[in-house]
Amino acid sequence: MDDRDDLPGIPAPPPVGETALRPGTFDGTCVVVTGGGTGLGKAIATEFGRLGADVVVASRKDEHLDAGRQAVEATGARALAVSCDIRDADAVADLFDRATEAFGMPGVLVNNAAANFPVPAEDMSPNAWRTVLDITLTGTFLCAREFGRRHLAAGTPGSIVNVGATFAWTGGPGFAHSSAAKAGVVNLTQTLAVEWGPYGIQVNCLVPGLMPHEDMTGDIRSSLDRTHDKDVCQPALRVGQRQELGWAATFLASPYARFITGHTLVVDGANWQRRSMTNPPVVTVRDQMGLGPFQG
Ligand code: NAP
């Protein structure tokens, strides 16, 4: 039998701070990153900053906005933090007004903001369902719509990178709301890429695998803590590192990816294709979450 300690797995990436593209790739480009003050959004925002972009971080909470702005500025880039709930079309229009005033019309939009928490479908309230769909799917649409309308009116090209999740294809037991919303995000990517290609707007989607970070919400963290060592559960024998997503995001939005549009790029070490030769026993979502029987 293979001893996992003897298997190399996929090598670790270069450290945070290295760039995949040439320095200055995004000089003079305004990049809006929703949810750019925490976790993977912050990693994406700083990666654009490292490559010369002027970065606008947008989300609701002051502490997240401060953290995102400071992280981008630490790369030497200019940053602006704008309070915005992406469910509100007027707030989204204001976000783009303020970004344009500060740095010129955003040339790149990263739709990273999302909401998620585990709950069995039978326990999910209508409000929980609507909230996640509103943030993850409708919010992504509203930001893309605002970006698209402004570029169509101005006759300028641009690039949108949506952020998805692999349960868009597999379904997500315990995450019915989020997986349905992410399936919508992947589908929306394809539609918008075709509708707006003639106007010079690329629309792609980036799907992270498991990339733990210190900003993960308590709900998600406790869900992860119920599993074994996260590394040995991945075919790569390691989880993803956030800079790996940052490099992929900057590539998709860069001049070197101009002919890539309508595409969904998965950065997950082949985890979503993982199957066993024989099925492991089924464990209900209630049991996985340590919940008692459904009481009705
Ligand atoms: P996270 O830390 O929970 O970040 C979510 C961000 O979205 C926060 O910065 C939050 O900021 C913002 N946000 C939430 N609701 C918002 C709203 N209504 N308006 C504006 N901003 C809002 O998540 P993450 O782990 O970094 O994940 C980033 C993206 O990757 C998400 O799309 C997620 O689905 C996807 N993903 C992550 C993983 C992973 O392993 N981490 C795996 C698969 C997919 P405020 O609270 O300040 O609003």
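Mentor: With a definition: axes are lines fitted to C-alpha atoms, for helices over the stretch in contact, and angles run from 0 to 180 degrees between N-to-C directions. Keep in mind that this is a predicted model.

Trainee: At what angle do helix 4 and helix 6 pack?

Mentor: Helix 4 covers residues 126–154 and helix 6 covers residues 176–196. Their axes are 8 Å apart. The packing angle is about 15 degrees.

Trainee: Are helix 4 and helix 6 roughly parallel or roughly antiparallel?

Mentor: Angles under 35 degrees count as roughly parallel, and those over 145 as roughly antiparallel. The angle here is about 15 degrees. Helix 4 and helix 6 are therefore roughly parallel.

Trainee: How many residues of the contact of helix 4 with helix 6 are nonpolar?

Mentor: The crossing of these two helices is right-handed. On the helix 4 side the contact includes Trp 129, Leu 133, Thr 140 and Phe 141, and on the helix 6 side it includes Val 185, Leu 188 and Trp 196. By class, six residues of the contact are polar and two are charged, and the nonpolar ones number 15.

Trainee: Which residues of helix 2 make the contact with helix 1?

Mentor: The axes of helix 1 (residues 39–50) and helix 2 (residues 62–73) come within 8 Å and cross at roughly 30 degrees. An angle under 35 degrees counts as roughly parallel, and helix 1 and helix 2 are therefore roughly parallel to each other. Helix 1 contributes Lys 42, Ala 45 and Thr 46 to the contact. From helix 2 come Ala 67, Gly 68, Ala 71 and Val 72.

Trainee: Which residues have the most contacts inside the largest nonpolar core?

Mentor: This core has 30 residues. The residues with the most contacts inside the core are Val 56, Leu 95 and Ile 160.

Trainee: How many residues does the other core have?

Mentor: The other core lies apart from the largest one. Leu 21, Phe 26, Val 57 and Val 72 are among its members. Its residues number 28.

Trainee: How many of the residues of helix 8 are buried?

Mentor: Buried means under 20% relative accessible area. Helix 8 (residues 242–252) is largely enclosed by the rest of the structure, and what covers its buried residues includes helix 1, strand 5, strand 6 and strand 7. Trp 247 and Leu 252 are among those buried.

Trainee: Is Asn 162 buried or exposed?

Mentor: Asn 162 lies in strand 5. Leaving aside neighbours within four places in sequence, its contacts include Asn 111, Thr 140, Val 185 and Asn 204. With a relative accessible area of 0%, Asn 162 is buried.

Trainee: How far apart in space are Leu 210 and Gln 241?

Mentor: Leu 210 is in the loop between strand 6 and helix 7. It is partly exposed, with a relative accessible area of 22%. Beyond neighbours within four places in sequence, Leu 210 is in contact with Leu 224, Lys 230, Gln 234, Val 239 and Gly 240. Leu 210 and Gln 241 are 31 residues apart in sequence, and their C-alpha to C-alpha separation is 8.7 Å.

Technical notes: Residues are numbered from 1 along each chain as its sequence is written. This is a predicted model: local features need pLDDT of at least 70, side-chain atom pairs count only at pLDDT 80 or more; totals for chains, interfaces and linings use all residues. Side-chain values use heavy atoms; hydrogens and water are left out. Helices (H or I, at least four residues) and strands (E, at least two) are DSSP runs, numbered from the N terminus. Angles under 35 degrees count as roughly parallel, over 145 as roughly antiparallel, 65 to 115 as roughly perpendicular and the rest as oblique. Contact means heavy atoms within 4.5 Å. A nonpolar core is a set of buried Ala, Val, Leu, Ile, Met, Phe, Trp, Tyr and Cys residues joined through side-chain atoms within 4.5 Å. Buried means under 20% relative accessible area, exposed over 50%, partly exposed in between (1.4 Å probe, protein chains only). A crossing is left-handed if the near helix is turned anticlockwise from the far one by less than a right angle, and right-handed if clockwise. Ala, Val, Leu, Ile, Met, Phe, Trp, Tyr, Cys and Pro count as nonpolar, Asp, Glu, Lys and Arg as charged, and the others, Gly among them, as polar.
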